[in-house]
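Welcome! Let's take a friendly walk through this structure, one question at a time.

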Amino acid sequence: MARNNEPELVFCPLGGVGEIGMNFALYGLGPVGAREWIVVDVGVTFPDATLPGVDLVLPDTRFIESEVANLRGIVITHAHEDHYGALLDIWPRLKKPVWMTPFSAGLLGAKRRMDGGPEIPVQIFNAGDRFQVGPFDIEAVGVTHSIPEPVSLAIRTPLGMVVHTGDWKIDPAPTIGRKTDEQRFRALGDEGVRALICDSTNAMREGESPSEEAVGEGLKGVIEAAAGRVAVTTFSSNVGRIRSIAEAARDAGRQVLVLGSSLKRVINVATELGYLDGLPEFVEEEDYGYIPRENLVILCTGSQGEPRAALAKLARDEMRNVALSPGDTVVYSSRVIPGNEKAILETKNLLIEQGIKIIEDSDALVHVSGHPRRNELKRMYEWTRPQVLVPVHGEAAHLVAHGALGASAGIPEVAQVRNGDMIRLAPGPAEIIDQVPSGRMFKDGKLIGSDETMGIRDRRKLSYVGHVAVNVVLDDRYEIAGDPDLVAVGVAKADAAGEELEELMLDAAIGAIESIPRVRRKDLDLVAEAVRRAVRSAANDAWGKKPIVTVFVTR
């Protein structure tokens, strides 16, 4: 802890470190007990099959909620869901001003209009702007990423400057927006950078990322070579890729049809801000039947196998006005987010069964990451010359690889942190000084809570072993008044010999009651527990699994 209660500059991630997604970072300035805070990014991640029914996964913000009186504001680096997607849900717990770029603010407004949510006071900034949030002097530095208007943040304090890179890459030829501002990063390095808090996503990949311009050429080649329709699926927020696809289609003499509400929402915001100027108008679904196959490109959602997205519906032939035919081509202009492999493969197999050709980035240059590879990371080290490197935005393997790269490049201190670690960046050596509550909260319908309060643990059990409800009625002499009612959901129907499992469990319930002396049946809780155990045991003997059993006993 701080000596003599001296002021400290601290960094504390509550999400995004030790995982990819759900980015949520805290910076604190001041002595223990009187620190002032800012939040950088408020992201989500998405549920997998182990979280049945969950809509979104959010960072646990209990710590900063307890410090909310000293929270001065929230700064968003860009409008990817893993950096801003939790804002509408978490802002009511914090209620502080939010700083965003125009594109991020436009997407937030569109999301709010569609999904509902609070009115959030937004301060607009652009790359190159400098603004004050509490005691933090913040400069937005323009970078390249797979979305418009991403920025890194140079956070100046009396104890030194931190460069928080956010998501970035070095692209010599982006299709929209500016290049990563090498000159500005070099100037920050000359001024003196205490700590570099840096993206680790591609820290295990050698070399440099190809440019978006090269991806556009790759897409153009695929579209020109295709005999039938071409459907291209990509991340909705990648406006540069949307432009590349539209330009490739135009150059190949094709029109573009857009399918998917999230794509249309992004295109509307990007069009208002001028990012899609000069492109031919997109055609409507109603025009589909009048456009020859060889003259159409379909731009659609569903790159991650989402079952309700446009591509999955095309694969299942469920679209009202649009369909694919044998000989058509589907291009995956995207990467696989870990955990989505099975869903993506299911969609691909449905398409292949229809005689549709699949092209992905292993077949042609149709996608490039928005994150820096190892040579790009080395260039950032060279520009900023930090005293301390803190790898973030990655799983353990990425963070460790990034740390080793920084150490080999001569950065004096490399600090490994994980969610909940509070690291002192200044004064003195970088050191973990505290640990705060961190973890995951779950949005489930209209509610947000822990796995326990949302019933997710029990829901997970139910998905594996089912549920049995038993209703027992005892008469005034504590004898069974007719057979108990038993309802089984999600339980096997019969055992290996063909005997109905419900009958076996019902017999076990009756046997359990009859084995209890009548005088002891006055204890209804004892009867319920005996029935519960007997039913679970009978199911286990016959099926090999123990369902969740609920017993009601009345007299």
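Q: Which strand gives the most to the lining of the largest cavity?
A: This is a predicted model, in which local features need pLDDT of at least 70 and side-chain atom pairs count only at pLDDT 80 or more, while totals for chains, interfaces and linings use all residues. Residues are numbered from 1 along each chain as its sequence is written, and side-chain values use heavy atoms, with hydrogens and water left out. Strands (E, at least two residues) are DSSP runs numbered from the N terminus, as are helices (H or I, at least four), and β1 (8-15), β2 (24-30), β3 (36-42) and β12 (195-199) each supply at least two lining residues. The top contributor, with three residues, is β1.

Q: What is the volume of the largest cavity?
A: On a 1 Å grid over the protein atoms alone, a cavity is a set of points where a 1.4 Å probe fits but cannot get out, and lining residues have an atom within 4 Å of a point. Grid points are joined across faces, edges and corners, and a volume is the space filled by probe spheres set on the points. Two cavities of 30 Å³ or more are found here. The largest has a volume of about 120 Å³.

Q: Which residues that line the largest cavity are the closest to its centre?
A: The lining divides into eight nonpolar, seven polar and three charged residues. Here Ala, Val, Leu, Ile, Met, Phe, Trp, Tyr, Cys and Pro count as nonpolar, Asp, Glu, Lys and Arg as charged, and the others, Gly among them, as polar. Of the 18 lining residues, the closest to the centre are N23, H83, H164, V392 and H393.

Q: How much space lies in the second largest cavity?
A: Its lining is made of L58, P59, T61, E65, I90, R93, M441 and I448. Both β4 (56-59) and α3 (87-94) supply at least two of the lining residues. The space in this second largest cavity is about 40 Å³.

Q: Which are the edge strands of the open sheet of eight strands?
A: Two strands pair if DSSP finds at least two bridges between them. The order is β7-β6-β5-β3-β2-β1-β20-β21, with mixed pairing. Pairing on one side only marks the edge strands, β7 and β21 (431-435).

Q: Is G117 buried, partly exposed or exposed?
A: G117 sits in the loop between α4 (102-115) and β7 (122-124). Buried means under 20% relative accessible area and exposed over 50%, with partly exposed in between (1.4 Å probe, protein chains only). At 39% relative accessibility, G117 is therefore partly exposed.

Note on methods: On a 1 Å grid over the protein atoms alone, a cavity is a set of points where a 1.4 Å probe fits but cannot get out, and a pocket is an open set with protein on both sides within 12 Å along at least five of seven lines; lining residues have an atom within 4 Å of a point.
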